[in-house]
Amino acid sequence: MFLTLLIALAAPWGFAAGGTTSIPDVVLQDQNGRSVRVYTDLLKGRIVVMNFIFTSCTTICSPMGANFGALQARLGPDTDVALVSVSLDPLTDTPSRLKQWSERFGARPGWTLLTGPQDEIDRLLVALRVFSPDRFAHSPIVLIGNDATGRWTRANGLLPPSTLVTLIGDLRAGPAVPKREGH
Amino acid sequence: MSRTVAVVCIAAACSSALAARAGGLSSLERRGRGIFIDGVGAAEIVATLEDGVRVAGAVLPCGGCHGSDGRGRREGGVAPSDITREALARPYDVTTALGRRHGPYDDRLLKRAIAMGIDAGGNRLSLVMPRYVMSQDDFAALAAFMRTLGDPHDPGVEDRRLVLGVVLPPRDALPALGDDVRAMLTAYFDAANRAGGIYGRRIDLVYVQPGGTPQDRADGVRAFLRDESPFALIGSFTDGAEREIAGVADREETPLLAMMTSNARGAIAPSRYVRDLVAGLAEQSRALVRAAALRGSHGHRAAVVRARDMRLRDVADATVGELREAGFSDPAIVDGIEGTADCNLLLFLDRRELTSFLASLARRGWKGTLLVPAAIADPTLFERVDPEIVTLVSFPMLPADATSQAVAIYEQLVGVTRLGPAHLPARLAALASAALTVDALRRAGRTLSRDRFLDAIDSTSQFRSGFVPPLTFGPTRRLGSTGSWVLTIGDPSGPVWIDPGSGL
C-alpha cells in the first residue's frame, strides 16, 4: 500500500527542455577529484538518475546509497544510464570521502558523486528544485531525467531499484517535452 | 557451602557486577553496543532493504537511524522510532504517528522486528527499516545492549557529581603554562560548584599532563581516560599532537574540547568527538590571504615558504589554493629564500627559520608583502620595521575580544589563584572552553550523555563566552571561531577581523 503511494507520488513533471539555461553547467569535482561540468559532462543527451546525499547522514542516505548500488548492478555494465549523487554537505564531503562512501555500496564507473563549492552546489540544487536550507530536513528524492526528450521524473529516493528501473523505462519510451522559446 | 562462604560469594559477584557497570557496560552489553553502533558482530551481519537489496550490517547499523541513545534521530522526513527499553516495554498498547498499533516487546518480538521487519502488533515496519540476519550469539548481545538503552551509562556521570578531564600542556616543554591552566580552570569550576554546580552535580576536574613524543602524549591520554573515566576532556592542550590525541578521543568515544592549537583537527578532519575553539594555522593563513587580496592581488606573484614540519604541509597546500582563488599569479610552495626571487607576496610558515629568513630578505633588498600567522611570529618581526615590506600578522584571538564582564571574571580568578600576568591567551582560551562546557551541559539537560553533550555543542551559535571571539559549531563545523584578526605592522588603524569561513 505504502509502496503504491510512493509510486503514485512519482508522477512525471515537465522539468526542463534540456540545455544550460535550465540546468546550470556548474563545475564540480567528482569522487576522483576530477573537475566535471555537470550538464556538459554528465547530463547532456543522456538518461540520468540523480540523488542527493551527504556522507555524515546516518538515516536515509545509506539506504539511498544501497539502492543506487543495487540499481547500478541491475542496469549492468553496458548501460547508457548515468547515476549521479550530489553532496548536500560539500564542506565535509571531500572527493575521497565520497569515494569511500560509495564503495560501501559497490559503486562502479558510471556512478558519479559530486562535491564542490557550496555556492555552486546550491545553484544546482535550486535549479533542480531540490534545495533545502537545512540539510537535515532534506527529503529522500531521486530525479530521473532524459535530456534527449527533456522529460524528468521526481520520485521518492527510497523506492526499490526495480521501481526505478520501471521509471527509467517509462522515461526512455516517453515523448519529448515541446521546447519553449527561451530554452 | 556455609552461610558465610555463600555471603562472601554473593558479595564478590555483586562487586564484580558493579565493577563491570562502573566501566559503563558489561562485556556482553559492550559487544552488543558494537553491533548496535557499528553493525559489526562476531559473525557476519547482513542488512536487507526492499527489493532484496543486501548490504553489510556496518552500512546500516541500528544507531545510524535510532541514535546511539536509541531515542531516534529525525532526518529527511523519516522519524525513526524511540527504541529505548522504556519505550519498547510500555505495558500497554502504543499507536505511532503513522497509525501502527502495538503492545510491549519481549525478546522474541524484538528479534522478529529486527529479522523480519514486523512490529509487536504484527504490522510491517517502515521501508527504511532494514531486516537483519545475524547469529544467535550476536542477537543475544544486541538484545542485552538494547535493554540498557535509556540508562545513563556514560562514564563520569554520577547522580551528584560529573567528572571532567583536562589535558594540560606537556610538563617537559611548557611546565609553567600547565600550572597556569590548571589553576585557572580549578578556580573557575570551584566558583561554579559554589553556585550549585550543574543540575545539582558538582564538577570535579581531573588532570593529565603527558609529555614526550606526540604518540607518548596520546598514550598518556588513553591511559588517563581508562583510569579516570572522565565524561569529556575540556580546555585541553593538543598542540603538536593533534592527530594522535584526536585519534584517542575518537577511539574512546570521549568528547574533546581542544583549547588552542596550530592544526585544528576539527577543521582538517571533522571528527565526531573533537571540537576546536579558535582558528589554527590553516584558517589564519586563509584570513591573511584574504586581507592581502583586499590590498590588491593583480600582478602579484605569491609563494608559501613552507615549514619542515610535515604537519604543516596540508596548510601550505591549502594556502596555495587560496592564493590562486584570490587572484595571485602562479602561487607556489618553496622551501626557503631560494625560489622567492620573482615573488612579491610571501606567506611564511617556518617558525624556526623566521629570524634568518627576515635577515636574508633584508640582505637581498626584497620588497613586497609578507604574511605571517602569529604562532609563527617572534618579537623580531615587530622590531624590524622595513618601509619596503608590508607585514601582515594574524591572531586567532586578541585580549581585545574579552568583554568587560569576562575581564571582571578573569581578574577575580587571578586574584584567587595569585597568578602573574603571563600566558594570557592560553588562560582566556581555557576559560572560554570552560564557559562553553557549562553552557552546553546546561542545554544538554539533567539526563546527560556524551551524545546529548555533543549535540548541545553542535547547536551552539554565536556563543559569546566573552573570552574569545563568538563560537559557532554544527554537525559540519567543528571549529568554533574560523576568523582571525589581521594586523598590518605599523598601521595605526589597528587589526581587522577577517572571517573567511571554514572553506571546502
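This briefing describes selected features of chains A and B, from overall composition to individual residues. The structure is a predicted model. Chain B comprises 504 residues, of which 53% are buried, and its secondary structure consists of 17 helices and 17 strands. Over all chains, 24 salt bridges are counted.

**Chain B as a whole**

- The secondary structure of chain B contains 17 strands as well as 17 helices.
- When contacts between residues at least 6 apart in the sequence of chain B are considered, 61% of them join residues at least 24 apart.

**Helix H11 of chain B**

- Helix H11 of chain B runs over residues 281-294 and contains 14 residues.
- From its first C-alpha to its last, H11(B) reaches 20 Å, close to the 20 Å expected at 1.5 Å a residue.
- H11(B) is mostly covered, with eleven of its 14 residues buried.
- After H11(B) comes B:Gly296, which has a positive phi, near 115 degrees.

- B:Leu177 lies in helix H7 of chain B, which spans residues 175-194.
- B:Leu177 counts as buried because its relative accessibility is 11%, under the 20% limit for that class.
- Apart from neighbours within four places in sequence, B:Leu177 contacts B:Pro169, B:Phe237, B:His423 and B:Ala426.
- The C-alpha atom of B:Leu177 is 8.7 Å from that of B:Arg427, although the two residues are 250 residues apart along the chain.

**Salt bridges in chain A**

- A:Arg172 and A:Asp80 form a salt bridge in which the closest N and O atoms are 3.0 Å apart.
- This pair links distant parts of chain A, its members being 92 residues apart: A:Arg172 belongs to helix H6 (residues 161-173), and A:Asp80 to the loop between helix H3 (61-75) and strand E5 (81-87).
- A:Arg172 is partly exposed at 42% relative accessibility, and A:Asp80 is likewise partly exposed at 40%.
- A second pair, A:Arg97 and A:Asp93, forms a salt bridge with its closest N and O atoms 3.7 Å apart.
- A:Arg97 is partly exposed, with a relative accessible area of 27%, whereas A:Asp93 is buried at 0%.

**Salt bridges in chain B**

- The side chains of B:Arg202 and B:Asp204 meet in a salt bridge with an N to O distance of 2.7 Å.
- B:Arg202 is partly exposed, having a relative accessible area of 41%.
- B:Asp204 counts as buried because its relative accessibility is 16%, which is under the 20% limit.
- B:Arg202 and B:Asp204 also belong to a network of salt bridges that includes B:Glu158 and B:Arg161.

Terms used: Residues numbered from 1 in each chain as written. Chains lettered and ligands numbered in written order. Predicted model: local features only at pLDDT ≥ 70, side-chain atom pairs only at ≥ 80, totals over all residues. Heavy atoms only, no water. Helix = DSSP H or I, 4+ residues; strand = E, 2+ residues; numbered from the N terminus. Expected span 1.5 Å × (residues − 1). Buried < 20%, exposed > 50% of the residue type's maximum accessible area, 1.4 Å probe, protein only. Contact = heavy atoms within 4.5 Å. Salt bridge = Lys/Arg side-chain N within 4 Å of Asp/Glu carboxyl O.
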